[in-house]
Amino acid sequence: MPVRLFAIVLSAVLLVGCEESFDPFEDAEARFSIQGYLDVSADTQYVRVSELQQSAFADPEVNATITLDDLNQGTSVTLRDSVFTYENGARLHNFWTAAPIAASTSYRITAAAPDGASASATFRTPNEIPAPELESGISLASSPDNPPMSQALTIFEVDKVADLQIRYELANPNTTLQLSYTDQLTRAPHGRLTLAFNAYADVQEALTGSVGTVCPGLRRAEIVLATTTSEWPDFQLFDIEELVLPSSETNNVEGGLGFVGGILTLGTEWDALRGVFSLNQAGCNG
């Protein structure tokens, strides 16, 4: 089943209307906020639509029709409304569709009110890419006294990365860590993106703030990669504040406020990291 990095239902605390001092538009006729992304790998898409002058806590109806146009095929679907209730009491409208989303395709999402007011965002989905190349660092010389200290990951044929995380399911302690490596990626020749890191040291530091103070084991590791297009702004997928309150540079909703983009998520298990952790743990305990 395709991996979705996280649901598009974002925090409501910073929505327009919660802070009277925030006025993103001089144009008082702008009515809609549209926020979210389409994931080529997901079976259901969610995009949040709000009316800018309404309170997030009153659960007002969004008086608009939300449509998604495939600009390559010339087809259109109407999204269905659903209401999500958040821990802070806000009730927000997330419009959804189960229509398949294609890679390398241009889309337009539009919120249109009966009185003619509208807002829309046009964007592209990324290309399909091959699975990342993984190097565990384990060699014939590896042992508890000489454990692998460096791992590497190479991503091919990618325009841009919205997020790269590794999910570590640990033993001793029995917990799960999800660490982001997006900021550590470097662009290599021929357009490849590379990452060099020390998985065991990263987990130790995440657990205690320093290396060598714990000796964790690993049950399972999964790489979760979200690729995107060059139009995606320079914020990561998890930068909630940027998605909720986009700046003039990141806002791509014509006639409204927000950001809508396209991503493709890949989930890849990294079985060899269990061996990396086993050797490091044995050396650490020894």
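1. Tyr168 is buried, and Phe277 is buried as well (buried is under 20% relative accessible area, exposed over 50%, partly exposed in between, with a 1.4 Å probe and protein chains only). Keep in mind that this is a predicted model, where local features need pLDDT of at least 70, side-chain atom pairs count only at pLDDT 80 or more, and totals for chains, interfaces and linings use all residues. Residues are numbered from 1 along each chain as its sequence is written, and side-chain values use heavy atoms, with hydrogens and water left out.

2. Those two rings form a tilted aromatic pair, 6.0 Å centre to centre with 40 degrees between the planes. (Rings of Phe, Tyr and Trp, the last by its six-membered ring, pair if their centres lie within 6.5 Å; planes under 30 degrees apart are stacked, over 60 edge-to-face, the rest tilted.) Tyr168 sits in strand β11 and Phe277 in helix α3, so the pair ties together parts 109 residues apart in sequence. Ring pairs also bring in Tyr200, making a cluster of Tyr168, Tyr200 and Phe277.

3. Phe197 is in strand β14 and Trp270 in the loop between β17 and α3, 73 residues apart. Both Phe197 and Trp270 are buried.

4. Back to α3, residues 272–285: the buried residues there include Leu273, Val276 and Phe277. The buried residues of α3 pack against β10, β11, α1 and β15. (Helices are DSSP runs of H or I, at least four residues, and strands runs of E, at least two, numbered from the N terminus.)

Definitions and conventions:
Contact means heavy atoms within 4.5 Å.
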